[in-house]
Amino acid sequence: MPAITYELIKQDPATGARAGIIHTPHGSFPTPIFMPVGTQASVKGVSPEELHDMGAGIILSNTYHLFLRPGSDLVREAGGLHKFMNWDGAILTDSGGFQVFSLGDLRKITEEGVTFRSHIDGSKKFLSPEVSMKVQMDLGSDIVMAFDECIPYPADYDYAKASTARTTRWAQRCKEVMTSPHQGLFGIVQGGMYKDLRTRSVNELVEMDFPGYAVGGLSVGEPKELMYEMLDHTVEQLPKDKPRYLMGVGTPDCLVEGVMHGIDMFDCVFPTRVARNGTAMTWNGRLVMKNAEFTSDFRPLEEGCDCYACRNFSRAYIRHLVRANEIFGLRLLSLHNLRFLQRFMHEMRQSIIEERFGEFRRNFLDNYNYGAK
Ligand SMILES: CC(C)(C)OC(=O)NCc1c[nH]c2nc(N)[nH]c(=O)c12
Ligand SMILES: [Zn+2]
(Lines give C-alpha, C1' and ligand atoms only; values in the text may rest on other atoms or scores of the structure.)
(Ligands and ions follow the chains in the order given, each with its own letter.)
Protein backbone atom coordinates (compact mmCIF):
# COMPACT_ATOMS: atom_id res chain seq x y z
CA MET A 1 0.00 0.00 0.00
CA PRO A 2 1.68 3.28 -1.06
CA ALA A 3 2.21 5.87 1.69
CA ILE A 4 0.24 8.52 -0.21
CA THR A 5 -3.02 7.82 -2.07
CA TYR A 6 -5.54 10.07 -3.80
CA GLU A 7 -9.32 9.49 -3.67
CA LEU A 8 -11.42 11.40 -6.22
CA ILE A 9 -14.73 12.56 -4.70
CA LYS A 10 -16.17 14.75 -7.47
CA GLN A 11 -14.99 15.94 -10.90
CA ASP A 12 -16.53 19.22 -12.07
CA PRO A 13 -18.28 18.39 -15.38
CA ALA A 14 -17.42 21.73 -17.00
CA THR A 15 -13.79 22.38 -15.92
CA GLY A 16 -10.69 20.62 -14.56
CA ALA A 17 -11.79 21.41 -10.98
CA ARG A 18 -12.12 18.39 -8.69
CA ALA A 19 -12.71 17.56 -5.03
CA GLY A 20 -10.81 14.70 -3.41
CA ILE A 21 -9.13 13.31 -0.31
CA ILE A 22 -5.42 12.60 0.13
CA HIS A 23 -4.50 9.82 2.56
CA THR A 24 -1.14 9.95 4.34
CA PRO A 25 0.48 8.12 7.29
CA HIS A 26 -0.34 11.22 9.39
CA GLY A 27 -3.98 11.47 8.48
CA SER A 28 -6.16 12.30 5.50
CA PHE A 29 -7.11 15.76 4.26
CA PRO A 30 -9.64 17.14 1.78
CA THR A 31 -8.57 18.71 -1.52
CA PRO A 32 -8.30 21.30 -2.94
CA ILE A 33 -6.10 22.31 -0.02
CA PHE A 34 -3.82 25.20 0.96
CA MET A 35 -0.72 24.22 2.98
CA PRO A 36 0.53 26.72 5.62
CA VAL A 37 4.29 27.22 5.20
CA GLY A 38 6.48 26.37 8.19
CA THR A 39 9.86 26.90 6.52
CA GLN A 40 12.06 26.43 9.61
CA ALA A 41 9.82 23.91 11.40
CA SER A 42 7.44 26.62 12.55
CA VAL A 43 4.51 28.39 10.88
CA LYS A 44 5.67 31.84 11.97
CA GLY A 45 3.92 32.88 15.19
CA VAL A 46 1.36 30.06 15.07
CA SER A 47 1.27 27.02 17.42
CA PRO A 48 0.48 23.43 16.32
CA GLU A 49 -2.70 23.62 18.45
CA GLU A 50 -3.81 26.74 16.56
CA LEU A 51 -3.01 25.03 13.25
CA HIS A 52 -5.28 22.13 14.24
CA ASP A 53 -8.01 24.52 15.43
CA MET A 54 -8.03 26.30 12.06
CA GLY A 55 -8.40 22.97 10.25
CA ALA A 56 -4.92 22.68 8.73
CA GLY A 57 -4.37 19.06 7.66
CA ILE A 58 -0.87 19.41 6.21
CA ILE A 59 1.93 21.95 6.51
CA LEU A 60 5.07 22.55 4.44
CA SER A 61 8.65 22.72 5.69
CA ASN A 62 11.96 23.16 3.90
CA THR A 63 14.91 20.82 3.43
CA TYR A 64 17.24 23.70 2.55
CA HIS A 65 16.66 25.61 5.79
CA LEU A 66 16.63 22.59 8.14
CA PHE A 67 19.71 21.14 6.42
CA LEU A 68 21.58 24.37 7.21
CA ARG A 69 20.04 24.82 10.67
CA PRO A 70 19.71 22.84 12.96
CA GLY A 71 20.86 20.03 10.60
CA SER A 72 18.79 16.93 9.86
CA ASP A 73 20.85 14.73 12.22
CA LEU A 74 19.45 16.61 15.22
CA VAL A 75 15.87 16.34 13.90
CA ARG A 76 16.37 12.62 13.34
CA GLU A 77 17.66 12.28 16.93
CA ALA A 78 14.49 14.07 18.09
CA GLY A 79 12.45 11.36 16.37
CA GLY A 80 11.76 13.29 13.18
CA LEU A 81 10.12 16.58 12.32
CA HIS A 82 6.64 15.64 13.61
CA LYS A 83 8.09 15.04 17.10
CA PHE A 84 10.58 17.91 16.95
CA MET A 85 7.85 20.50 16.24
CA ASN A 86 5.06 18.56 17.96
CA TRP A 87 2.79 18.51 14.88
CA ASP A 88 0.90 15.25 14.32
CA GLY A 89 -0.76 16.20 11.04
CA ALA A 90 0.82 15.58 7.63
CA ILE A 91 4.04 17.32 6.56
CA LEU A 92 5.37 17.98 3.07
CA THR A 93 9.02 18.96 2.72
CA ASP A 94 10.34 20.84 -0.27
CA SER A 95 13.59 19.44 -1.61
CA GLY A 96 15.95 22.40 -1.38
CA GLY A 97 16.54 22.87 -5.10
CA PHE A 98 14.41 25.97 -5.42
CA GLN A 99 15.71 27.54 -2.19
CA VAL A 100 19.35 27.14 -3.24
CA PHE A 101 18.64 29.22 -6.33
CA SER A 102 16.68 31.87 -4.50
CA LEU A 103 18.53 32.08 -1.16
CA GLY A 104 22.01 30.60 -1.21
CA ASP A 105 24.94 32.42 -2.77
CA LEU A 106 24.92 30.14 -5.78
CA ARG A 107 28.33 28.76 -6.62
CA LYS A 108 27.73 26.11 -9.27
CA ILE A 109 25.42 23.47 -10.61
CA THR A 110 26.86 20.23 -11.96
CA GLU A 111 25.30 16.89 -12.90
CA GLU A 112 26.28 15.75 -9.40
CA GLY A 113 24.41 18.51 -7.55
CA VAL A 114 24.70 22.10 -6.35
CA THR A 115 27.57 23.69 -4.41
CA PHE A 116 26.64 26.96 -2.70
CA ARG A 117 27.38 29.18 0.25
CA SER A 118 24.99 29.10 3.20
CA HIS A 119 22.96 32.33 3.53
CA ILE A 120 23.38 31.90 7.30
CA ASP A 121 27.15 31.76 7.81
CA GLY A 122 28.61 31.74 4.31
CA SER A 123 30.05 28.24 4.74
CA LYS A 124 30.36 26.05 1.65
CA LYS A 125 27.54 23.51 1.28
CA PHE A 126 26.55 20.78 -1.19
CA LEU A 127 23.05 19.56 -2.04
CA SER A 128 22.24 16.77 -4.45
CA PRO A 129 19.39 14.32 -5.07
CA GLU A 130 21.02 11.88 -2.64
CA VAL A 131 21.68 14.49 0.08
CA SER A 132 18.18 15.93 -0.29
CA MET A 133 16.60 12.48 0.07
CA LYS A 134 18.78 11.65 3.11
CA VAL A 135 17.72 14.90 4.78
CA GLN A 136 14.03 14.30 4.00
CA MET A 137 14.24 10.73 5.33
CA ASP A 138 15.82 12.13 8.53
CA LEU A 139 12.95 14.64 8.75
CA GLY A 140 10.39 11.87 8.21
CA SER A 141 7.95 14.04 6.22
CA ASP A 142 4.96 12.28 4.70
CA ILE A 143 5.44 13.85 1.27
CA VAL A 144 8.99 14.25 -0.05
CA MET A 145 9.73 16.48 -3.05
CA ALA A 146 12.25 15.42 -5.68
CA PHE A 147 15.43 17.50 -6.03
CA ASP A 148 14.93 19.72 -9.05
CA GLU A 149 16.11 22.92 -10.63
CA CYS A 150 13.46 25.66 -10.69
CA ILE A 151 14.20 27.31 -14.04
CA PRO A 152 14.27 31.11 -13.69
CA TYR A 153 12.07 33.33 -15.89
CA PRO A 154 12.87 34.19 -18.58
CA ALA A 155 15.18 31.39 -19.68
CA ASP A 156 16.27 30.55 -23.23
CA TYR A 157 15.11 27.31 -24.81
CA ASP A 158 18.49 25.55 -24.77
CA TYR A 159 19.01 26.27 -21.07
CA ALA A 160 15.46 25.16 -20.22
CA LYS A 161 15.90 21.99 -22.27
CA ALA A 162 19.20 20.99 -20.65
CA SER A 163 17.99 21.90 -17.13
CA THR A 164 14.73 19.96 -17.50
CA ALA A 165 16.56 16.89 -18.75
CA ARG A 166 18.84 17.08 -15.70
CA THR A 167 15.83 17.49 -13.39
CA THR A 168 14.49 14.23 -14.85
CA ARG A 169 17.81 12.45 -14.24
CA TRP A 170 17.85 13.88 -10.70
CA ALA A 171 14.29 12.58 -10.15
CA GLN A 172 15.45 9.07 -11.12
CA ARG A 173 18.33 9.34 -8.62
CA CYS A 174 15.88 10.46 -5.89
CA LYS A 175 13.62 7.50 -6.60
CA GLU A 176 16.57 5.10 -6.29
CA VAL A 177 17.52 6.23 -2.78
CA MET A 178 14.08 7.17 -1.34
CA THR A 179 13.45 3.79 0.26
CA SER A 180 11.19 4.67 3.20
CA PRO A 181 7.79 2.91 2.92
CA HIS A 182 6.17 5.62 5.06
CA GLN A 183 7.03 8.49 2.74
CA GLY A 184 5.73 9.36 -0.72
CA LEU A 185 8.09 10.95 -3.27
CA PHE A 186 6.51 13.49 -5.67
CA GLY A 187 8.11 14.28 -9.02
CA ILE A 188 8.32 17.96 -10.02
CA VAL A 189 7.49 18.97 -13.60
CA GLN A 190 9.72 21.69 -15.02
CA GLY A 191 10.21 22.82 -18.64
CA GLY A 192 10.18 26.60 -18.28
CA MET A 193 7.57 28.31 -20.49
CA TYR A 194 8.03 25.83 -23.35
CA LYS A 195 5.10 23.49 -23.99
CA ASP A 196 7.19 20.79 -25.65
CA LEU A 197 9.61 20.72 -22.69
CA ARG A 198 6.71 20.62 -20.21
CA THR A 199 5.25 17.65 -22.12
CA ARG A 200 8.63 15.87 -22.14
CA SER A 201 9.08 16.52 -18.41
CA VAL A 202 5.58 15.14 -17.67
CA ASN A 203 6.10 12.03 -19.81
CA GLU A 204 9.50 11.20 -18.32
CA LEU A 205 8.26 11.65 -14.73
CA VAL A 206 5.00 9.74 -15.27
CA GLU A 207 7.16 6.94 -16.68
CA MET A 208 8.74 6.69 -13.19
CA ASP A 209 5.25 6.34 -11.66
CA PHE A 210 5.41 8.73 -8.65
CA PRO A 211 2.50 8.78 -6.12
CA GLY A 212 2.00 12.48 -6.88
CA TYR A 213 3.24 15.25 -9.17
CA ALA A 214 4.09 18.90 -8.61
CA VAL A 215 4.14 21.62 -11.24
CA GLY A 216 7.29 23.63 -10.55
CA GLY A 217 8.86 26.62 -12.22
CA LEU A 218 5.65 28.68 -12.39
CA SER A 219 4.77 31.86 -10.53
CA VAL A 220 8.40 32.83 -11.09
CA GLY A 221 7.62 36.29 -12.45
CA GLU A 222 5.87 35.36 -15.69
CA PRO A 223 2.56 37.09 -16.59
CA LYS A 224 -0.42 35.31 -14.98
CA GLU A 225 -1.89 34.54 -18.40
CA LEU A 226 1.31 32.68 -19.33
CA MET A 227 1.25 30.79 -16.02
CA TYR A 228 -2.34 29.67 -16.67
CA GLU A 229 -1.49 28.69 -20.24
CA MET A 230 1.42 26.51 -19.08
CA LEU A 231 -0.71 25.11 -16.28
CA ASP A 232 -3.56 24.20 -18.62
CA HIS A 233 -1.11 22.49 -20.96
CA THR A 234 0.71 20.60 -18.19
CA VAL A 235 -2.03 19.41 -15.80
CA GLU A 236 -4.19 17.79 -18.47
CA GLN A 237 -1.31 15.38 -19.23
CA LEU A 238 -0.89 14.29 -15.60
CA PRO A 239 -2.57 11.09 -14.31
CA LYS A 240 -6.05 11.65 -12.90
CA ASP A 241 -5.59 9.20 -10.01
CA LYS A 242 -2.66 11.06 -8.42
CA PRO A 243 -2.49 14.42 -6.55
CA ARG A 244 -1.33 17.52 -8.45
CA TYR A 245 0.54 20.24 -6.49
CA LEU A 246 1.21 23.75 -7.81
CA MET A 247 4.29 24.99 -5.96
CA GLY A 248 4.54 28.51 -4.57
CA VAL A 249 0.97 29.55 -5.45
CA GLY A 250 -0.64 31.77 -4.31
CA THR A 251 -3.07 34.60 -4.02
CA PRO A 252 -6.82 33.77 -3.90
CA ASP A 253 -7.36 34.55 -7.60
CA CYS A 254 -4.50 32.19 -8.53
CA LEU A 255 -5.92 29.51 -6.22
CA VAL A 256 -9.28 29.66 -8.03
CA GLU A 257 -7.63 29.47 -11.47
CA GLY A 258 -5.31 26.68 -10.29
CA VAL A 259 -8.30 24.66 -9.01
CA MET A 260 -10.10 25.27 -12.30
CA HIS A 261 -7.14 23.70 -14.10
CA GLY A 262 -7.23 20.61 -11.86
CA ILE A 263 -4.70 21.41 -9.12
CA ASP A 264 -5.30 19.78 -5.70
CA MET A 265 -2.55 21.24 -3.47
CA PHE A 266 -1.08 24.72 -3.02
CA ASP A 267 1.49 26.43 -0.80
CA CYS A 268 2.52 30.05 -0.47
CA VAL A 269 4.16 32.26 2.17
CA PHE A 270 1.71 34.98 1.16
CA PRO A 271 -0.85 34.77 4.03
CA THR A 272 1.73 34.85 6.84
CA ARG A 273 4.04 37.27 5.01
CA VAL A 274 1.34 39.88 4.37
CA ALA A 275 0.15 39.36 7.96
CA ARG A 276 3.58 40.39 9.18
CA ASN A 277 3.23 43.46 6.95
CA GLY A 278 -0.03 44.31 8.75
CA THR A 279 -2.47 43.16 6.06
CA ALA A 280 -5.64 41.08 6.43
CA MET A 281 -7.07 38.92 3.63
CA THR A 282 -10.84 39.00 3.06
CA TRP A 283 -13.30 37.82 0.39
CA ASN A 284 -13.26 41.28 -1.14
CA GLY A 285 -9.51 41.85 -1.15
CA ARG A 286 -6.99 43.05 1.40
CA LEU A 287 -7.26 45.39 4.41
CA VAL A 288 -4.11 47.41 5.17
CA MET A 289 -4.64 47.66 8.90
CA LYS A 290 -2.50 50.77 9.42
CA ASN A 291 -4.98 52.77 7.33
CA ALA A 292 -6.80 55.53 9.26
CA GLU A 293 -10.15 54.16 8.01
CA PHE A 294 -9.91 51.44 10.69
CA THR A 295 -9.20 53.80 13.61
CA SER A 296 -12.68 53.54 15.15
CA ASP A 297 -13.86 50.48 13.24
CA PHE A 298 -14.98 48.10 16.00
CA ARG A 299 -16.09 45.34 13.63
CA PRO A 300 -14.05 42.12 13.28
CA LEU A 301 -11.55 41.84 10.45
CA GLU A 302 -14.20 39.96 8.47
CA GLU A 303 -17.88 39.48 9.25
CA GLY A 304 -18.66 35.79 9.54
CA CYS A 305 -15.07 34.65 10.07
CA ASP A 306 -14.80 32.15 12.95
CA CYS A 307 -11.10 32.65 13.63
CA TYR A 308 -9.69 33.58 17.07
CA ALA A 309 -8.94 37.14 15.92
CA CYS A 310 -12.43 37.77 14.52
CA ARG A 311 -14.19 36.17 17.52
CA ASN A 312 -12.33 38.29 20.08
CA PHE A 313 -10.93 41.52 18.65
CA SER A 314 -11.82 44.51 16.48
CA ARG A 315 -10.16 46.12 13.47
CA ALA A 316 -9.49 49.18 15.68
CA TYR A 317 -7.61 47.09 18.23
CA ILE A 318 -5.60 45.25 15.58
CA ARG A 319 -4.79 48.54 13.84
CA HIS A 320 -3.51 49.86 17.18
CA LEU A 321 -1.33 46.75 17.73
CA VAL A 322 0.14 46.95 14.23
CA ARG A 323 0.98 50.65 14.60
CA ALA A 324 2.46 50.00 18.05
CA ASN A 325 4.57 47.15 16.63
CA GLU A 326 2.97 44.70 19.05
CA ILE A 327 3.82 41.11 18.07
CA PHE A 328 0.31 39.99 19.06
CA GLY A 329 -1.12 42.06 16.20
CA LEU A 330 0.93 40.10 13.65
CA ARG A 331 -0.07 36.84 15.27
CA LEU A 332 -3.77 37.74 15.04
CA LEU A 333 -3.41 38.63 11.35
CA SER A 334 -1.55 35.37 10.65
CA LEU A 335 -4.27 33.37 12.40
CA HIS A 336 -6.94 35.19 10.43
CA ASN A 337 -5.24 34.94 7.03
CA LEU A 338 -4.49 31.24 7.42
CA ARG A 339 -8.05 30.54 8.58
CA PHE A 340 -9.39 32.66 5.69
CA LEU A 341 -7.56 30.41 3.21
CA GLN A 342 -8.83 27.27 4.90
CA ARG A 343 -12.41 28.62 4.69
CA PHE A 344 -11.81 29.76 1.11
CA MET A 345 -10.65 26.30 0.00
CA HIS A 346 -13.52 24.64 1.90
CA GLU A 347 -16.11 26.85 0.16
CA MET A 348 -14.50 26.17 -3.22
CA ARG A 349 -14.50 22.39 -2.55
CA GLN A 350 -18.18 22.53 -1.55
CA SER A 351 -19.02 24.39 -4.76
CA ILE A 352 -17.34 21.61 -6.80
CA ILE A 353 -19.26 18.91 -4.91
CA GLU A 354 -22.54 20.80 -5.45
CA GLU A 355 -21.71 21.39 -9.16
CA ARG A 356 -21.66 25.18 -8.85
CA PHE A 357 -17.90 25.81 -9.15
CA GLY A 358 -18.40 28.03 -12.23
CA GLU A 359 -20.74 30.28 -10.23
CA PHE A 360 -18.33 30.33 -7.25
CA ARG A 361 -15.46 31.38 -9.53
CA ARG A 362 -17.39 34.16 -11.30
CA ASN A 363 -18.83 35.44 -8.04
CA PHE A 364 -15.42 35.49 -6.33
CA LEU A 365 -13.55 37.15 -9.21
CA ASP A 366 -16.30 39.81 -9.60
CA ASN A 367 -16.03 40.77 -5.91
CA TYR A 368 -12.29 40.44 -5.37
CA ASN A 369 -10.40 43.67 -5.90
CA TYR A 370 -6.90 42.51 -6.57
CA GLY A 371 -5.46 45.50 -4.74
CA ALA A 372 -1.72 46.16 -4.68
CA LYS A 373 0.14 42.89 -5.34
C1 LIG B 1 8.58 32.63 -6.61
C2 LIG B 1 7.55 31.72 -5.90
C3 LIG B 1 8.16 31.12 -4.63
C4 LIG B 1 6.26 32.46 -5.61
O5 LIG B 1 7.15 30.62 -6.77
C6 LIG B 1 8.04 29.80 -7.33
O7 LIG B 1 9.22 29.98 -7.30
N8 LIG B 1 7.46 28.72 -7.93
C9 LIG B 1 8.23 27.54 -8.17
C10 LIG B 1 8.58 26.81 -6.94
C11 LIG B 1 8.22 27.15 -5.65
N12 LIG B 1 8.73 26.23 -4.78
C13 LIG B 1 9.43 25.27 -5.49
N14 LIG B 1 10.09 24.20 -5.04
C15 LIG B 1 10.72 23.40 -5.94
N16 LIG B 1 11.39 22.32 -5.50
N17 LIG B 1 10.69 23.67 -7.28
C18 LIG B 1 10.02 24.76 -7.79
O19 LIG B 1 10.00 24.97 -9.02
C20 LIG B 1 9.35 25.60 -6.85
ZN1 LIG C 1 -10.85 35.95 11.02
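Helices here are DSSP runs of H or I with at least four residues, strands are runs of E with at least two, and both are numbered from the N terminus. Hello everyone, and thanks for coming. Before we go in, some housekeeping: this is a predicted model, in which local features need pLDDT of at least 70, side-chain atom pairs count only at pLDDT 80 or more, and totals for chains, interfaces and linings use all residues. Residues are numbered from 1 along each chain as its sequence is written, chains are lettered from A and ligands numbered from 1 in the order in which they are written, and side-chain values use heavy atoms, with hydrogens and water left out.

Let's start with the cavity. By that I mean a set of points, on a 1 Å grid over the protein atoms alone, where a 1.4 Å probe fits but cannot get out; a pocket is an open set with protein on both sides within 12 Å along at least five of seven lines, and lining residues have an atom within 4 Å of a point. For volumes, grid points are joined across faces, edges and corners, and we take the space filled by probe spheres set on the points. There is one cavity of 30 Å³ or more in the structure, and the largest cavity has a volume of about 30 Å³. Its lining consists of Lys161, Thr164, Ala165, Leu197 and Arg200. Two helices, α7 (157–177) and α8 (195–207), are the elements that give two or more residues to that lining. Which of them gives the most? That is α7, with three residues.

Now, over to the largest pocket, with a volume of about 1100 Å³. It is lined by 43 residues, and Phe98, Gly248, Cys268, Val269 and Arg273 are the closest to its centre. At least two lining residues come from each of β5 (58–62), α5 (97–102), α9 (224–235) and α11 (270–276), and α11 contributes the most, with five. By class, the lining splits into 18 nonpolar, 16 polar and nine charged residues. For those classes, Ala, Val, Leu, Ile, Met, Phe, Trp, Tyr, Cys and Pro are nonpolar, Asp, Glu, Lys and Arg are charged, and the others, Gly among them, are polar.

Next, polar contacts, which are pairs of N or O atoms within 3.5 Å. A polar backbone atom of Gly217 is 2.8 Å from an oxygen atom of ligand 1. Ser219 also has a backbone N or O atom 3.2 Å from a ligand oxygen, while a polar backbone atom of Met247 is 3.5 Å from a ligand nitrogen. On its own, ligand 1 has 450 Å² of accessible area, and the protein covers 81% of that, using the Shrake-Rupley method with a 1.4 Å probe.

Last, some backbone details for your own viewer. Thr31 and Pro32 are joined by a cis peptide bond with omega about 5°, and Pro32 is in the loop between β3 (27–31) and β4 (33–35). The bond from Arg69 to Pro70 is cis too, with omega near 10°; Pro70 is in the loop between α2 (63–68) and α3 (72–77). Thanks, everyone!

Note on methods. A polar contact is a pair of N or O atoms within 3.5 Å; within protein, one must be able to donate a hydrogen and the other to accept it, and residues adjacent in sequence count only if both atoms are side-chain atoms.
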